[in-house]
Amino acid sequence: MKSRSVARTLVSGLLLSTLWPALAVAQQPTAGVVTTIQGQATVARAILPRPVPLKFKDEVFLRDQIDTRENSIVRVLLGGKALVTIRELSTFNVIEEPGRAVVDLQVGKVALGVAKALLKPGESIELRTPNAIAAVRGSLLVAEVRIVAGVPQSFLTALQVTPGLPVVVSTRAAPAVTVPLGVNQSLGVSGVGAAAALGSVQTLTPAQAREIAKTAEAPKAKEQSEKPPEVMVKKVSVEKVQEAMQLATLLAPPKPGETPPGVTPPPGFVPPPGFVPPPGFVPDVSLSEASAFVTTLGGPPPLVVVPLISPTQISFTSDFGIGEIIEKVKETSTTTSSTNLIGNPGFEAGDLTSWTLNGAGKAISSFGTSTITPAAGSFMFFGHTGTGAKSGDCGSECKTTLTQTFNVKSALSISFKYVLFTREVNCSGSSCSDLTDGGTSLLGDGSGASSTKNDQWKVRLIPASGSAVTVFETDVNSERTAGNFKEFGQTFRIDTNGDGVNDFEIFSNSGKTFSSSGDFTTTSKTVVVSSGNATLEFSVTNVGDTSFDSGGLLDAVVVTQDPPLHFLRDGATLTRLDPTPLLQLTNSPQTFDSLMIVCCNSSATLAGPLLRATNSDLNVPFSLVSVVQGGTLTTSSTEPLVRLEGGTHSLGAAVGVFDIWATNTAVDPATGLTLGTDSPLRHSGGFLEASGATITTQTVLKLDTALLEASRPLLNLTAGSRLTTETHAIDLSYKARVTSLGPLVKLDASTLNVNGALVNVNRSVLTGSGPLMSLAGGSTLNASLLGKVAGGGLFSWAGPLAAFSGSGNSINFNNSLCSANNCVTAGGIKFALQNGASSANITVANPTPWVGQGTSGTVNLPSNGAHFLLQGATSQVKITQ
């Protein structure tokens, strides 16, 4: 065992006390933790005989005094709510008074960033100098104290200010006389005691503001002591300081067989009766013995938590958002939701600029004689398996890929539009049969078994390191079974390599994937891969034969960075015991990319809801929560996961409010469908509740290859709320299963506008009971459809489709599906049939599908419209009592 100095022993004793917070509280309340240190600094503490060196990851206690040496910088995270950057030759204290935390700067320079989102109503953090007081309620403040001829001179500059909450400055002698500071405003305070005077407010030039902002910058990684700045092991904190919650921290377990060498508790330390340190306890724990974290703070209010070493079971309790403090924003926010990472996404140069083509394809302005035009702009990409396609595992001339490489720094949202073609099926209208070659079926052997002659389409994101993530994958068998092919209405030939010879052709009786909303189908997904270069790959492969080609159109490719406020990945585990919302906002408009992403075998357990926002307009282009790629989110709260009171909100324009997808599947014996087997999101309360709020979104819930149980409404609108979706309201997009105790949707004196189906069930299963919808207090639902069922999916509901109460309620459907499709009516419900859908698969045994119709509400349907759309020969609807 190596010997240690007295100071080292005392520090070890302090560390021992922090590991048992009940003991530490009897000594000194913890104020924060050192997250960054460059150069040298000391800490003076009442229980220590002399100042000792301050180290990276040391805890800071109330009434500690920190002194920095020349060319030195220290950063301290205070209570999970504020970040203090202490520059060289500064003397700094943290004290506390009833109802407030106080930062005291005696001399030197500091930057104080305070997270508005984590402060209680009316709470502020004070920064004091020898002659001034500044109340900070959600700002970035720089303070400098100079001693001129023995008299303190203070200079205070506000760089970031939450709207409506200016930094308020006064002298210490006259705290009631205040001056507000807005963004990039500064003032000086001269003199001391009753002679102290406030100077005039000065507005900085942009150059002056940039220069002063350097005070808040962290040193570069190579300048850190002990470890790079982004790697910080956090110490477990169980007790909460009354006015400030601690930053979640983590320590590695002790080394087996080791005992603490020379640990001496600090003077006055009295252990409780029967207290014995655990065997093998080592007070100084190195980073290599712990699961390290990357902590990325960007605003407002991001925090990225990513295990770097081992995905061990990490359990910690934390209010881990840091609010509007910007620490490492360059890494997470330089590319935001407004920037498409893919070059030439619309192929608008008329070529494939920025893309790499391996095989047969080109940018085209139309497909067929004005049959299909680009989804965006003037050009789109077409690739195929005909002449010019490259060799692959399935033989010669069988595969074409289109790729582009870009840099990944965070989670991504990937979306694109596509149309798929194949010559492996014969079609008549929207009914397609197996194509045979010499009497041999290319798609089946007559027993229902699929053959290997099954062309494939796939989209993958391939990182430089790690496994590829499949964004989209389908094949001829799946599309045909789902009833998603229909006849392409003309013979089309194209020369894609410029040699004057048509290298791809599709005949008028061949197949094209069907979309009721137009030729192109849109797919979007949240994807997480390791940082660095990644390649987006689109491919079409001719599997099993080269006689019958397949191809596809691609357009409107959008890949955007999605740096979330809270990010768990690669096996991280978060346990939050606080029942308050993870993010709570009052009169605080916010713009951020997404609130939380849990991915890649990580898990989050919350005792409270995700978000409460009161009179706080939100602009969130991606999801409020995405649980993807093996992640799980579990709550023990019965409150709505998200509640919005007042305000106007744009949520999830790219992927939806809740974006949930998994990967594991199994065949469901009841339906024969392959469905997801995982439940990524487990919440026993409602999902989205709004009171007097206006919301626009792509979809409320998107569920892909996953299970979900809902015991309360997924959507509950009250008190004049108004929500508008770009597509379906509840989207079971692929291999999903939802089981619900209705209603799924509840409206009270509110309006829901759906530019699609209220519920979309594609290759998925929805089962439930009770009213599907509840409308009260003069509510209105405007939707294209009540339900769309495709791909052999099942919509099975035991109960009414809607229950009206009160008066003045209405449901208005807007479609003309029966003008061009066969329609049938069963039990007063009208069904449009497409792509081989059959009335034999419709069961309506509910004599009152609309409870209260005629007295409390109306259901309005155009004469050529339908309530439901069925696509495919095996899709089913069952509506019973």
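View 1. Serine 603 stands opposite threonine 632 in β49. The model is predicted: local features need pLDDT of at least 70, side-chain atom pairs count only at pLDDT 80 or more, and totals for chains, interfaces and linings use all residues. Residues are numbered from 1 along each chain as its sequence is written, and side-chain values use heavy atoms, with hydrogens and water left out. Strand β45 (residues 603-606) pairs with strand β49 (residues 632-635) in the parallel sense, over four bridges. Strands here are DSSP runs of E with at least two residues, helices are runs of H or I with at least four, and both are numbered from the N terminus. Two strands count as paired if DSSP finds at least two bridges between them.

**View 2. An open sheet of four strands.** The order is β41-β45-β49-β55, with parallel pairing. At the edges are β41 (573-576) and β55 (681-682), each of which pairs on one side only.

**View 3. Strand β44 and its two parallel partners.** Six of the six residues in strand β44 (residues 594-599) are buried, where buried means under 20% relative accessible area, exposed means over 50% and partly exposed lies in between (1.4 Å probe, protein chains only). Strand β40 (residues 564-568) runs parallel to β44 and is joined to it by four bridges. Within this pairing, phenylalanine 567 stands opposite isoleucine 597 of β44. Four bridges also join β44 to strand β48 (residues 625-628), again in parallel. Here valine 598 has valine 627 in β48 as its bridge partner.

**View 4. Threonine 665 at a strand position.** Threonine 665 belongs to strand β53 (residues 665-667). Threonine 665 counts as partly exposed because its relative accessibility is 37%. Leaving out residues up to four places away in sequence, threonine 665 touches Thr674, Leu675, Gly676, Thr677, Thr705 and Lys735; contact means heavy atoms within 4.5 Å. Aspartate 678 is 13 residues from threonine 665 along the chain, and their C-alpha atoms are separated by 7.9 Å.

**View 5. Leucine 758 in the largest nonpolar core.** This core has 85 residues, of which Leu758 and Phe795 touch the most other members. Strand β65 (residues 751-762) supplies the largest share of the core, five residues. A nonpolar core is a set of buried Ala, Val, Leu, Ile, Met, Phe, Trp, Tyr and Cys residues joined through side-chain atoms within 4.5 Å. A second, separate core of 44 residues includes Phe56, Val84, Val179 and Leu187.

**View 6. Histidine 867 in a loop.** Histidine 867 lies between β76 (857-860) and β77 (868-871). Histidine 867 counts as buried because its relative accessibility is 6%. Apart from residues up to four places away in sequence, histidine 867 touches Leu785, Leu786, Gly787, Phe813, Gly828, Ile829, Lys830, Trp850, Val859 and Leu861.

**View 7. The protein chain as context.** The chain has five helices and 78 strands. Buried residues make up 56% of its 881 residues. Of the contacts between residues at least 6 apart in sequence, 75% join residues at least 24 apart. The accessible surface comes to about 32500 Å², of which 51% belongs to carbon and sulfur atoms; accessible areas come from the Shrake-Rupley method with a 1.4 Å probe, and for residues only the protein chains shown count as cover.
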